[in-house]
Amino acid sequence: MTDDNDREAIIDLIKARIQPDESHIPIDYNLIWRALENNTNTALSGNELDTVLERIIAWMGIKHPIYHKIAGRLAITRISKGAAKTFREVLEDFKPRLWNHTFSQRFLDFVNTESRLDVIEGMILYNRDFDLTYEAVLTLEKYCLLKQGDHVVELPQHCYMRLSIAIHCISGVFVPEDIWNTYTRLSTADLIFSLTTMSLAGTNHFKAANFITVPIGNADKYSLENAMKDIDVLTQSYGTEVTIPLVNLPMVNPEIGIIADASAGTLGLLRHHQLRYRVHRPENTPVFNVTQELWNTGTMAMLNACREQAKLPTNSIMQFTLLIPNIFMRRLRNAASWSMFDAIDTPNLITHRDSEFDKKYELYEQSLEKKTVTTAQAIWDCIFDSIVKTGLPSLVFTDRTYMRDNLAFVPFFPCPFPSEGQYRGAVHDSGPMVTGHLVLPNLIDFADDIFSYGRLQAATKHLSKCLSLLSHQMSTASPLPQQPSNAAIGIGISGLADFLAKRRIPFDSTQAQTITGMIMEVVYHAALETSVELVKQKILPCHPSFPQSRLARGFYQFHRPQILTPNTYLGHQVWSDLWTDIAQHGVANAELTALTPARHCASLTFLSEGVEPFETNLIPIKIGPHTLVSPRPQLVADLENLGLWSDGMQELLFQRKGSIQDIDGIPLEIKNAYRTVPDISNNAIVALHRCLSPYVTTAHTMNLYQTTADISSAKQAVMDAWEGHLGTGLSELRTPPTPSFPLSVPGGQRKLLMPIGQQQTDKPIPSAPATQR
């Protein structure tokens, strides 16, 4: 490619993708052209050339984040060449053979009139696709946009509108204002739904975002290998992937590397909410969700199995959660011994919690001869050795979780064990749980130290209603026998570190902890208020477990045993007024708020993940076979406003591996706002989560970081989490990335001229084993 006309055409194409407010940013067209020449030695088709050009420009995001936006706009242009031009055409592309197979009848009945399609089309703002970064476009293209084979048939704005319609079609009443409100919040990234929900919304496979319980026990010697045969049938029949919860496993088959049998009499006693597992993943592979009580002798075998995951079938994933009782943590603190039993010898021990568990445990400890006795410290060291080497297990303080569980007083739902030949009849749908995230930097006004939560409150109420409708819709569409549905939803927050940095608030400061607690309180209150309104307005029924829940007894989530009620930001009167409505009407949802993994939010928004601190100020981005890096956009904008961003500053940022703490000339308030994980202690992370915890009703993800070879900091932080009455001790132990420039030559000169398909000799972002799940 040496023709000057080609060069000018490429430059014009790029210039057309630059917005007026971005025109001040210098674009190195000569470098782009030279890199393109270097990557097009052979004739490429139009789409192949488009892809190469996208990747080259994204690669140049190392110089400035604007390149990622330009690459995203070029990717949208490429997709739009083959995708439908209107929402009507999206539907037409699946006619006639695939239409009814793809879209649900409820969805089609709701939109299949010319007048409604005209209204829908008039709402869609296609220019918003050009606000997406390259990583966001690739994420949507891979996981969310409808396809026929490998051919993408819809644009991101079509996907957002499809989800909006799928949410509101449950009522059967076409209200354009409701659809527009949801679509606007999705397309402006105020709200982020799970990739699964966006992918399947409105389709016949929407039930695939549901949760399925597959009980497995060895009372009849029913093995996992036989169960997998039926699971394959389920997968093929319903287009879903089935996640298998296994509890208190006494043995592992080392020859084949998979779990052989579950212990008798345990799965059926699990609480309903403990059996909610996601059944759809983009990879569509079986997942073994292993939950182990620390008193079970099979725990040590499971820790060894974590190290042997390489022996697992290539299409399998194992997740391992260890349930830790209070009595173990007390013995660890006091350097005492710990006894482990076979689950068969300790009937019903799993059903007890807190002081009742302690009594039962000590009784078995005194009376059973068949037991394994060691020190609590030895077990603790073994657990962390496994975590460092494999990333597993996650740690949950089961007594702490039980005492904060809204359904703590609800009786166990029986779940019969299967016998061979009756297995399918024992498979139950344990109720859907859908999640969504509020993107904080887009929703909160904070000026002159005044926290204004009006937009956050409105967005939370809207998200709560949407998730509740989705949950109800999925439960009614399920083909499986159902447990009583408690309409559990999980509203989380994302982009916290960016929100704090924008306001010059250090992540590890007491001010950050106070504001974070305020945010989560507003979210919890707005979600509860909406849940009551859904019942009052007869949109959804009160969930069946409400009369026996903690909430029905007058306990909000922040009312916990042995914990002082926090000084709420909203005030006693606000909560008292809400309780009057709750007592009279009940609520639609048993669970409302959750801190769940939010990596997809980071991919779609180019912001920090969930409530995590900045791991680095050089964001790793996976593009093709390579991992590229980009300076954090908000940091670049702040430095540009101060006249400090330059090639020299970029070089210093890379030399210091994404930290700005030792760079001269940057104001102290900027340095404090953009501290990264090496500058933030695990204790500060735990302290922040303690402020969030009083308002989190269900899953609570808390990741810690290992920045040195010494693991003692993480161990102490987990102990602090238990002392602070958190339900989660550790979700992941992460190692911060150590970014390096993707391409370099001796003498410090840098270029972007390596062919895209050529493997790099220098790994840009080495990943630590502890981050792999």
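1. Buried is used here for a residue with under 20% relative accessible area, exposed for one with over 50%, and partly exposed for anything in between. The model is a predicted one, and in it Met 649, Gln 650, Leu 653 and Phe 654 are the residues to look at in helix H25 (residues 647–655), where they are buried. Seen down the axis of H25, the buried residues fall within an arc of 140°, so they line one face of the helix. As for what lies over that face, the cover of the buried residues of H25 includes strand S18 (618–623), strand S19 (626–631) and helix H24 (633–641).

2. What backbone feature is found just after H25? Lys 657 takes a positive phi there, of about 55°, although Lys 657 is not a glycine. Lys 657 is placed in the loop between H25 and H26, and with a relative accessibility of 48% it counts as partly exposed. Most residues other than glycine have a negative phi, and most peptide bonds are trans.

3. A second residue of this kind is Arg 504, which is not a glycine and yet has a positive phi of about 60°. Arg 504 is found in the loop between H20 and H21, and its relative accessibility of 27% makes it partly exposed. A further backbone detail to inspect is the peptide bond between Leu 392 and Pro 393, which is cis, with omega at about 5°. Pro 393 belongs to the loop between helix H17 (376–390) and strand S12 (394–397).

4. Two packed helices are described by the angle between their axes and the distance between the axes. For H15 and H16, the axes come within 9 Å and cross at roughly 70°, and that makes H15 roughly perpendicular to H16. On the H15 side the residues that meet the partner helix are Asn 326, Ile 327, Arg 330 and Arg 331, while on the H16 side they are Asp 354, Phe 357, Asp 358, Tyr 361, Glu 362 and Glu 365.

5. Which residue forms a salt bridge with Glu 365? The partner is Arg 331, and the closest N and O atoms of the pair are 2.8 Å apart. This pair links distant parts of the chain, with Glu 365 in helix H16 (residues 354–367) and Arg 331 in helix H15 (residues 326–333), 34 residues apart. Glu 365 and Arg 331 are both buried.

6. Glu 356 and Lys 359 are separated by about one helical turn, because they are 3 residues apart in helix H16. An α-helix has 3.6 residues a turn, so residues three or four places apart point the same way. Glu 356 is partly exposed, at a relative accessible area of 43%, whereas Lys 359 is exposed, at 55%.

7. The salt bridge between the side chains of Asp 508 and Arg 675 has an N to O distance of 2.6 Å. Asp 508 lies in the loop between helix H20 (496–502) and helix H21 (510–536), and Arg 675 in the loop between helix H26 (668–673) and helix H27 (682–692), so the pair ties together parts that are 167 residues apart in sequence. Both partners are partly exposed, with relative accessible areas of 23% for Asp 508 and 21% for Arg 675.

8. An unreviewed UniProt entry lists residues 575–597 under "domain: Ribonucleotide reductase large subunit". In the model, this stretch is 48% helix and 0% strand, and its end C-alpha atoms are 29 Å apart.

9. For the chain as a whole, the secondary structure comes to 28 helices and 22 strands. Of the 773 residues of the protein, 59% count as buried. Among contacts with a separation of 6 or more, 79% are accounted for by residues 24 or more positions apart.

Definitions and conventions:
Residues numbered from 1 in each chain as written. Predicted model: local features only at pLDDT ≥ 70, side-chain atom pairs only at ≥ 80, totals over all residues. Heavy atoms only, no water. Salt bridge = Lys/Arg side-chain N within 4 Å of Asp/Glu carboxyl O. Helix = DSSP H or I, 4+ residues; strand = E, 2+ residues; numbered from the N terminus. Buried < 20%, exposed > 50% of the residue type's maximum accessible area, 1.4 Å probe, protein only. Arc of directions from axis to C-beta. Contact = heavy atoms within 4.5 Å. UniProt positions renumbered as here; feature names shortened; annotations may be inferred. Axes fitted to C-alpha atoms, helices over the stretch in contact; angles between N-to-C directions. Parallel < 35°, antiparallel > 145°, perpendicular 65-115°, else oblique.
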